[in-house]
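Colleague: Could you take me through one part of this model in detail, the strand pairing, and then say what sits elsewhere in the chain? Please spell out your cut-offs as you go.

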Amino acid sequence: MLAGFSPVQAGDGAREIQVATRTLSFLDGGPTGKVVFAIVFDPSKPASVAEKDQVMAALGSGMAASGVTVVGKPVDISALSSAGDAGALYLTRGVNYAAAGAYAKSKKMLSISSDMACVQSGACVMSVAATPKVEIVVNSATAAAIGARFKAAFKMMIREI
């Protein structure tokens with residue numbers, strides 16, 4: 001289900017968002033239809049802005065996978081409350097993970113990043129890496145805190161911490 005991606009450069013936000021989009025189908029009682037991902041970035045950090053730009057370009061007018069169409073909404077880390085109707089947060093590298101993670105937990109939102117440090121800190125539920133191979137790591141305690149449960153088939157493909 002997560003296979004079939006074309007090769008891209010390491011650290012390419014486009015590939016990570018593809019993987020993140022496909023993981024939604026593995027949530028028990030997960031979303032269907034249109035899902036807004038708030039793409040959280042820090043405008044003072046060029047790498048964060050670059051990843052946001054890659055992710056937004058990849059999503060375009062929407063990325064479909066398994067009954068879900070993900071659309072992106074760029075959100076400055078200093079204005080998290082403007083995430084509003086978002087169904088999940090995608091945290092770019094270098095944002096304040098603690099602040100974004102606290103916001104996501106308070107809203108019971110899925111939080112995803114391409115940065116393993118976000119998951120290790122407990123701020124993100126999931127980290128996704130696409131190169132050199134697909135790797136998904138889930139923080140079990142953070143997932144439980146927001147009420148996210150994953151299907152057994154997904155748990156066989158990931159690493160939990």
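Modeller: Let's start with β7 and strand β8 (residues 159-160), which run parallel and are joined by 2 bridges. Strands here are DSSP runs of E, at least two residues long, while helices are runs of H or I of at least four, both numbered from the N terminus; two strands pair if DSSP finds at least two bridges between them. Before going on, this is a predicted model, so local features need pLDDT of at least 70 and side-chain atom pairs count only at pLDDT 80 or more, though totals for chains, interfaces and linings use all residues. Residues are numbered from 1 along each chain as its sequence is written, and side-chain values use heavy atoms, with hydrogens and water left out.

Back to the strands. Valine 137 has arginine 159 as its bridge partner in β8, and valine 137 of β7 also stands opposite serine 127. β7 (residues 135-138) runs antiparallel to β6 (residues 126-129), with 4 bridges joining them. β6 and β7 make a hairpin, with 5 residues between them.

Now the disulfide, meaning a pair of cysteine sulfur atoms within 2.5 Å. Searching the whole structure turns up 1: cysteine 118 is joined to cysteine 124, S to S 2.0 Å. The link between cysteine 118 and cysteine 124 is right-handed, with 70° about the S-S bond. Cysteine 118 counts as buried because its relative accessible area is 0%; buried means under 20%, exposed over 50%, and partly exposed in between, using a 1.4 Å probe and protein chains only. Cysteine 124 is at 0% relative accessibility, so cysteine 124 is buried too.

Next, a loop residue. Alanine 83 lies in the loop between β3 (68-76) and β4 (88-91). Why does alanine 83 count as buried? Because its relative accessibility is 0%. Setting aside neighbours within four places in sequence, alanine 83 is in contact (heavy atoms within 4.5 Å) with Ala38, Lys73, Val75, Leu89 and Tyr103. Glutamate 135 is 52 residues from alanine 83 along the chain, and their C-alpha atoms are 27 Å apart.

Finally, a helix. Helix α1 (residues 13-23) is mostly covered, with 9 of its 11 residues buried. Among the buried residues of α1 are Arg15, Glu16, Ile17 and Val19.
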